[in-house]
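User: I would like to learn how to read side-chain features in a structural model, one feature at a time. Could we begin with the terms and then turn to the case itself?

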Amino acid sequence: MAGETVITVVGNLTADPELRYTQNGLPVANFTIASTPRTFDRQANEWKDGDALFLRASVWREFAEHVAGSLTKGMRVVAQGRLRQRSYQDREGNNRTAIELEVDEIGPSLRYATAQVTRAASGGAGGGGGGQSRPAQQQQVSEEPWSTPGSSTSADAWSTPGSFGDDTPF
């Protein structure tokens with residue numbers, strides 16, 4: 001939507017995502033991302049941490065279940081979403097404002113880790129392919145997650161090791 005504030009945050013989860021269900025049975029996962037800037041102090045010849053930003057975040061529906069089942073406390077993540085401002089009254093009656101991230105995309109950062117991706121079975125609209133429906137035969141995941149459905153691996157030039165020469169291509 002026009003006028004929304006979209007940001008990308010890189011940081012660590014402060015706790016496991018908390019998966020809950022609304023009264024209507026809609027899943028929601030809430031979690032906090034801690035993002036700490038690091039700068040190099042030339043005089044001390046060392047890296048120093050700046051002030052950490054703790055950003056509350058939420059995801060909804062099947063996405064929430066995927067996040068809760070995949071991410072854990074301490075994981076470094078890359079999250080993109082829209083900032084939301086919410087006003088409320090605390091227990092003492094003071095007016096408060098909270099800024100939270102409504103996550104559109106999130107995944108583990110691969111800077112210091114590796115990940116094994118497994119496609120989740122689509123349970124309806126919005127699952128798996130961004131809301132696009134797929135024929136049942138294409139929902140099966142082959143052993144190679146990035147392969148083209150229905151292709152044989154022997155005919156795929158990218159899957160054949162050593163099928164390229166050592167010569168410079170230009």
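Analyst: Buried means under 20% relative accessible area, exposed means over 50%, and partly exposed lies in between, with a 1.4 Å probe and protein chains only. This is a predicted model, in which local features need pLDDT of at least 70 and side-chain atom pairs count only at pLDDT 80 or more, whereas totals for chains, interfaces and linings use all residues. Residues are numbered from 1 along each chain as its sequence is written, and side-chain values use heavy atoms, with hydrogens and water left out.

User: What is the mean pLDDT of the protein?

Analyst: Where pLDDT is low, the predicted coordinates should not be read in detail. The pLDDT is the predictor's confidence in each residue, from 0 to 100; its mean for the protein is 80, and 71% of the residues reach 70 or more. Over residues 125–142 the pLDDT is below 50.

User: Which residues touch the most other members of the largest nonpolar core?

Analyst: In soluble globular proteins, nonpolar side chains tend to be buried together. A nonpolar core is a set of buried Ala, Val, Leu, Ile, Met, Phe, Trp, Tyr and Cys residues joined through side-chain atoms within 4.5 Å. The largest such core has 16 residues, and F31, I33, V59, V103 and I106 touch the most other members.

User: Where do E102 and R82 lie, and how far apart in the chain are they?

Analyst: Side chains of opposite charge can pair when their charged atoms come close. A salt bridge is a side-chain nitrogen of Lys or Arg within 4 Å of a carboxyl oxygen of Asp or Glu, and E102 and R82 form one at 3.3 Å, N to O. This pair links distant parts of the chain, with E102 in strand 8 and R82 in strand 7, 20 residues apart; strands (E, at least two residues) are DSSP runs, numbered from the N terminus. R82 is buried at 16% relative accessibility, whereas E102 is partly exposed at 24%.

Note on methods
Contact = heavy atoms within 4.5 Å. Helix = DSSP H or I, 4+ residues; strand = E, 2+ residues; numbered from the N terminus.
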